[in-house]
Amino acid sequence: MRGVVYDGFGPAEVLRLAEVPRPEIRPHDLLVRVKAAGVNRADILQRNGAYGNQSFGESTLLGLELAGEVVGVGSEVDDVSIGQRVMAIVGGGAYAEFARVDRRMAIGIPGNLPFVEGAAIMESFVTAVESVSHVAGVGQGQTVLVHGAAGGVGSACVQVAHALGATVYATASASRLADVGSIGAVAVIDYRADDFESVVARLTDHRGADAVIDFVGGDYLPRNLRSLRPGGTLVQVGILSGQHATSIPLNLLLHNHLRLVGTVMKSRGVDEKRAMVRRFSEGFSPLFASGGLKPLVDQVFPLERAADAHRSVERGGGFGKVILAVD
């Protein structure tokens, strides 16, 4: 089968299409003919060598989420049939024509969504549900600030928080303010032109938000903590700033009884990932069929243009996910 490989860490140019072995399924696995795969920033980090030789899954190939058609079923799987349309999280291997999928990390594609949209759901929305609902405990009537709200996971966080009945504030670039507003944010802050800390203080009458979901890190961290109400929660999902070290106002953290929680999908154990998928599947997956949640696709590239897809993610500025379509 064809798959995307790289011979060494480096820029997008290291990616190339090659013949690779088709995976063999085990008793609790599915073999899926991949129709589309999501491109995530974790893929960029892996390609650049940020994880070194660590293995967070079962395949050395890139790709953490996919949508496709089941072509093989393990001997212990009795609830999935050949030909079923599924979307799934995988521990690598989605950038290929076929992928091995843990049955418990696959769910049916809701309604009549096309494969390309199915591939834009799992990584973003499972992470969003984990961050907004499970970790931050956001509910009806609460207030949430979401940074990077035009990106794949950020836009999913806005939608999930809105679906939970929260009032959502968000930050994005000037060109994406209207887009983010269209998916449920009541106020969208231009992160370049405006000081989000001051805006949130004004919008909440200086009470602060119940939760902040952040993908930026760096000097956002103390500003995020100052934007929380007493007892509020900051969920750190990424470090797009590249600033891995920053100062924390511990006096504020202690005095206001704040929670700072870090979460990332890639390094979680398989049981944790299965639990995350189950929470998403049971509580939120039906909302795609009803229109309460919507997968957002920014650009689609064929598998052989994986390097261009990576460059698009690295440039940023899009709205939603970048997807690889597999013939």
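Modeller: Before we start, helices here are DSSP runs of H or I with at least four residues, strands are runs of E with at least two, and both are numbered from the N terminus. This is a predicted model, where local features need pLDDT of at least 70, side-chain atom pairs count only at pLDDT 80 or more, and totals for chains, interfaces and linings use all residues. Residues are numbered from 1 along each chain as its sequence is written, and side-chain values use heavy atoms, without hydrogens and water.

Biologist: Thanks! Where is His 206 found?

Modeller: His 206 sits in the loop between α6 (196-203) and β11 (209-214). Its phi is positive, about 70°, although His 206 is not a glycine.

Biologist: Why is His 206 called exposed?

Modeller: Buried means under 20% relative accessible area, exposed over 50%, and partly exposed in between, using a 1.4 Å probe and protein chains only. His 206 has 67% relative accessibility, so it counts as exposed.

Biologist: And what makes His 257 exposed?

Modeller: The relative accessible area of His 257 is 60%, so this residue is exposed too. His 257 lies in the loop between α8 (250-255) and β13 (259-262), and its phi is also positive, near 55°.

Biologist: Which residue classes make up the lining of the second largest pocket?

Modeller: Nonpolar covers Ala, Val, Leu, Ile, Met, Phe, Trp, Tyr, Cys and Pro; charged covers Asp, Glu, Lys and Arg; the others, Gly among them, are polar. On that basis, the lining divides into 13 nonpolar, seven polar and six charged residues.
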